[in-house]
Amino acid sequence: MISFLAQPGGLDALQAPEIDYWAMAPLLIVLGAACVGVLVEAFLAKPQRWPVQVILTVLTFAFAGLTLGLRLTKDPKGLTTVAGALSIDRPALFLWGTLLALGFGAMLMIADRSVEPGGSFVASAAIRPGTIQDRAQAGQHGMQTEVFPLALFALAGMMTFVAANDLLTMFIALEVMSLPLYLMCGLARRRRLISQEAALKYFLLGAFASAFFLYGLALLYGYAQSVKLADIAEATGGTDRSDTLLYAGFGLLLVGLLFKASVGPFHTWTPDVYQGAPTPVTAFMGACTKVAAFGAILRVLQVAFKASSWEWEYVLWAVAIVSMAIGAILGITQTDVKRMIAYSSIAHAGFLLLGSIALNHDGLSSTLFYLLTYGFTTLAAFGVVSLVRNADGEATHLSQWAGLAKRSPLVAAVFSFLLLALAGIPLTSGFIGKFVVFRAALAEGMGPLVVVALIASAVAAFFYLRVIVLMYFSEPAADGPAVSVPGAFTTAAITLGVVVTLLLGVLPGFALDWAGAAGFVF
Amino acid sequence: MAWKEGIVLQPYLPLLLMFVLAAGFAVFSVTAAPYIGPRRYNRAKLDAYECGIEPSPQPVVGGGRMPVAYYLTAMLFILFDIEMVFLYPFAVKADDLGLFGLVEIVLFIVSVGFAYAYVWRRGGLDWN
């Protein structure tokens, strides 16, 4: 900015930036559909909203996927557009594909109205929890269909987040992705107090994290006189600037990013929010937010801070170790399925960080692949969680899952398979994901960290296996939960997750090739 | 490196002194007043100073809640306020920005219009 103002001619020299609309098409389609979704909410009568929103959502993902596919066949390397604010390169396209596929699965679960009669979302969000009106709305068959445009806005924010090539665009994208999520967390149809508590906690802590990010951004701007990632990278090459600004800025920026990725000591919101949010929203957050946050972390580390890596490397080593330890150890003590998967996600965030700090090509491709595998497994796992219910809604307490295999062998088998994938057992995608990430980390000389990761995996495997043992080798409780027969939407979402988990475990080659196709363009 | 930073930060020294002076004055006044000032009771002194109507007593029914319409108005104000924030610089430089700028600002206004349409259709502008 300063150099820009100092130019002869000043502001008069302002040029219209080149905008490659075709390259941005998937992003623009999702954003446009979200706007149309708002208009649908505004102008259609209540009974028409749900079907129209579902059709709109399906069309959105079809067209966004189509344009993304066309893009992949055309441009082998990638480009930057909108005056270098967005970088639509191979990693960005890979992450867009991942986000669209996971987002589609999550949206199917959001749209489902048969598992929970009327949908998982509250009929009228303004009703106070615990009142007579609240009990009445739980039995009604309406839902706040605003959740569709909100989810699309969040998805568009995530897509911008992973493609953002300067910190300011990244911050805007961060807000666009976070604000709808805060709201969606508080929209559960049942157990609304805990849902609203989750929304408030997520909002307050998220606002803090955004402030950290913004402060870091400001300090880095002071350091490099630019918010562009490439300029920051260039500035770290020179030596006559204040290192204090660089490290303070980098640290604060990273706190904001690690918070969103629910890594290590910045994870405190994760269990509460995963537990309180409506399960389809938890699936959306668990899968897509993780992908978006790590996409951004990868880009920031690899593009902007590669040259200064030897200064901060060991700090992130520590963060990764803390994250894996917290996830694996606290996961053991959990008695709620959703909280257990939340702690598992914290442990997985540690593994993902391992791949992210391996600043080579393998580190990039393996982390991208791991995100793909982890996203689909988590999506399907939360899909299964939403099926096990009793009269009060979802039965998430582990004691209620005892002997589930005797009641519904299929659900128990599917959930066991997904848990094995989360644990990283061979023939599931989780194994391949862990394998490639650990290999990339070893090649980068992070042997001690890989040893810690292996121990953490072993500890975490205990609580996954405990659930499997509980489902298969315990007597079912007398008043245990029934398993809903899922509607077409949830079935499709779970099937998608399970098939991809199996496929990437058996034939990972094509996805690994795709993930490793090319590096960042900036 | 330290001496270089010193040079960069030199112009801000008066500002820092100003802050120190201001903080010192505030702390001094507040601590000194109870010791040296006279104390005479006056009911008006205990009122909220220029803060509109008394917010209490809260209505017992409804747990002291107030109409949510106030929040809605505040949020709508921010919506249009932000729109203005972007329209002003555009208006100043409209000539230089040309057709591109016009198209972009129209896109911006239209997308804010979506939010406005939602509020309007959902009864956010009805004031009962």
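The following dialogue explains how to read several features of this predicted model.

Reader: Which conventions apply to the numbering and to the model?

Author: Residues are numbered from 1 along each chain as its sequence is written, while chains are lettered from A and ligands numbered from 1 in the order in which they are written. The model is predicted, and local features need pLDDT of at least 70, side-chain atom pairs count only at pLDDT 80 or more, and totals for chains, interfaces and linings use all residues.

Reader: Which residues touch the most other members of the largest nonpolar core?

Author: In soluble globular proteins, nonpolar side chains tend to be buried together. A nonpolar core is a set of buried Ala, Val, Leu, Ile, Met, Phe, Trp, Tyr and Cys residues joined through C-beta atoms within 7 Å. A residue is buried if 20 or more other C-beta atoms lie within 10 Å of its own, exposed if 12 or fewer, and partly exposed in between, with C-beta atoms placed from the backbone. Here the largest core has 186 residues, and those touching the most other members are A:Val30, A:Leu99, A:Ala151, A:Cys288, A:Leu354 and A:Leu418. Contact requires C-beta atoms, placed from the backbone, within 7 Å; leaving aside residues up to four places away in sequence, A:Leu418 touches, among others, A:Thr377, A:Val384 and A:Val498.

Reader: How do strands 1 and 2 of chain A pair?

Author: Strands (E, at least two residues) and helices (H or I, at least four) are DSSP runs, numbered from the N terminus. Two strands pair if DSSP finds at least two bridges between them. Strand 1 (residues 78-81) and strand 2 of chain A pair in the antiparallel sense over four bridges, with A:Thr80 opposite A:Ser87. The two strands form a hairpin with four residues between them, and A:Val82 in the turn has a positive phi of about 50°.

Reader: What is the strand order in the open sheet of three strands?

Author: The order is 4-3-5 in chain A, with antiparallel pairing. Strand 4 (393-394) and strand 5 (482-483) stand at the edges with a single partner strand each, so one side of each is left without a neighbour in the sheet. A:Val388 has A:Val483 in strand 5 as its bridge partner.

Reader: Where does helix 4 of chain B bend?

Author: The bend at a residue is the angle between axes fitted to the seven residues ending there and the seven starting there. Helix 4 of chain B bends by about 75° at B:Phe100. Just after this helix, B:Gly123 takes a positive phi of about 80°. Chain B comes to four helices and zero strands.

Notes: Two residues are in contact if their C-beta atoms, placed from the backbone, lie within 7 Å.
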